[in-house]
Amino acid sequence: MVEVRGFRGVRYNPDVIANFDDVITPPFDVISASDRATLAAKSAHNYVHFILPEAKGASTKYEVGAQTLKTWLEGNIVVRDDEPSFYLLEQRFSGLDGTARVRHGFFGVIRLPEEGDESVLGHERTFEAKFQDRLQLTSAAQANPGAVFLLYDDPANALGEFLGQMNNREADVEAHTIDGVDVRLWRVPDDPAVHAFFADRTLYIADGHHRFRTACAYRDQMRAQGAP
């Protein structure tokens, strides 16, 4: 059984961040060395400083990443929302053939499947170095540094009204990424109808196999320490 819920997201504070173009990034594993330098130069608060930190002095890059997030939280650069929420997402971009594309989705949390549970299925093998890198950052920061991109089947458009909330008002966040994607984000209330929809669904990992493996490993690591 798949459990999908809203969560109290940690987001950039719009009272501090004047231009969201300066702080958002693509996923960690598509950021080249030159892209990282470009992103890091945009702002001291660019997310690349957390997801792809660099060692400094006697501190490892993972310690630097963890301290970066801690500093942002303490300085209200990023703030946690008061209530569990879903976060609706629209992305506009050009496909490989040059055709304009629009993708709609949302951010939520899922309960990680136990061994033998095939409610979340992948299609790629993972590499140990990338997995260990993400696990060490997650463990140091005690935070989830990136989302997993999941697909689900909804032929009857049962979530149409839920996703249609994007059309009801202006977005909470708008930004343009360095890889040419126009992004809009809306925070909406947690919705029991969404919980019910996913209960008997299978989810498929489109991207983020290393992040998913990391999440499961971190869950097991916390259980072993008596802190699930």
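Visitor: In what sense do strand β4 and strand β10 pair, and over how many bridges?
Guide: This is a predicted model. In it, β4 covers residues 85-94 and β10 covers residues 182-189. Their pairing is antiparallel, and the bridge count is eight.

Visitor: Which residue in β10 is the bridge partner of phenylalanine 86?
Guide: Strand β4 spans residues 85-94 and pairs with β10. For phenylalanine 86, the bridge partner in β10 is valine 188.

Visitor: Which residue in β5 stands opposite tyrosine 87?
Guide: Strand β5 covers residues 100-107. Eight bridges join β4 to β5, and the two run antiparallel. Opposite tyrosine 87 stands phenylalanine 107.

Visitor: Which glycine in the turn between β4 and β5 has a positive phi?
Guide: β4 and β5 form a hairpin. Five residues lie between the strands. The phi in question is about 90 degrees, and the residue is glycine 98.

Visitor: Which residue in β11 stands opposite leucine 121?
Guide: Strand β11 covers residues 203-207. Two bridges join β7 to β11, and they run parallel. Opposite leucine 121 stands tyrosine 204.

Visitor: Is serine 119 buried or exposed?
Guide: Serine 119 sits in the loop between β6 (109-110) and β7. Leaving out residues up to four places away in sequence, serine 119 touches Val2, Pro113, Arg201, Thr202 and Leu203. Its relative accessible area is 10%. The cut-off for buried is under 20%, so serine 119 is buried.

Visitor: What is the phi of asparagine 76?
Guide: Most residues other than glycine have a negative phi. Asparagine 76 lies in the loop between α3 (61-74) and β3 (78-80). Its relative accessible area is 43%, which makes it partly exposed. Asparagine 76 is not a glycine, yet its phi is positive, at about 60 degrees.

Visitor: Does glutamine 142 count as buried or exposed?
Guide: Glutamine 142 is in the loop between α4 (128-141) and β8. Its phi is positive, near 55 degrees, in a residue other than glycine. Its relative accessibility is 65%. Exposed means over 50%, so glutamine 142 counts as exposed.

Visitor: How many Å apart are the C-alpha atoms of alanine 129 and glycine 146?
Guide: Alanine 129 is in helix α4. At 64% relative accessibility, alanine 129 counts as exposed. Along the sequence, alanine 129 and glycine 146 are 17 residues apart. In space, C-alpha to C-alpha, the separation is 17 Å.

Visitor: What separates the C-alpha atoms of alanine 40 and proline 53?
Guide: Alanine 40 lies in helix α1, residues 33-42. Not counting residues up to four places away in sequence, alanine 40 touches Val48 and His49. Proline 53 is 13 residues from alanine 40 along the chain. Their C-alpha atoms are separated by 9.8 Å.

Visitor: What is the radius of gyration of the protein chain?
Guide: The chain has seven helices and 11 strands. For 228 residues the globule rule gives 17 Å. The computed value is close to that, so the chain is as compact as a globular protein of that length. The radius of gyration is 18 Å.

Visitor: What share of the contacts with a separation of 6 or more comes from residues 24 or more positions apart?
Guide: Of the 228 residues, 37% count as buried. The C-alpha trace spans about 55 × 40 × 40 Å along its principal axes. Among contacts with a separation of 6 or more, residues 24 or more positions apart account for 70%.

Visitor: How many Å apart are the mean positions of the positive and negative charges?
Guide: The chain exposes about 13,100 Å², with 51% supplied by carbon and sulfur atoms. It carries 24 positive and 34 negative charges. Their mean positions are apart by 4 Å.

Technical notes:
Residues numbered from 1 in each chain as written. Predicted model: local features only at pLDDT ≥ 70, side-chain atom pairs only at ≥ 80, totals over all residues. Heavy atoms only, no water. Pairing = 2+ DSSP bridges. Helix = DSSP H or I, 4+ residues; strand = E, 2+ residues; numbered from the N terminus. Rg over C-alpha atoms; globule rule 2.2 N^0.38 Å. Buried < 20%, exposed > 50% of the residue type's maximum accessible area, 1.4 Å probe, protein only. Contact = heavy atoms within 4.5 Å. Areas by Shrake-Rupley, 256 points an atom, 1.4 Å probe, with all protein chains shown as cover. Lys, Arg positive; Asp, Glu negative; His and termini not counted. Charge placed at Lys NZ, Arg CZ, Asp CG, Glu CD.
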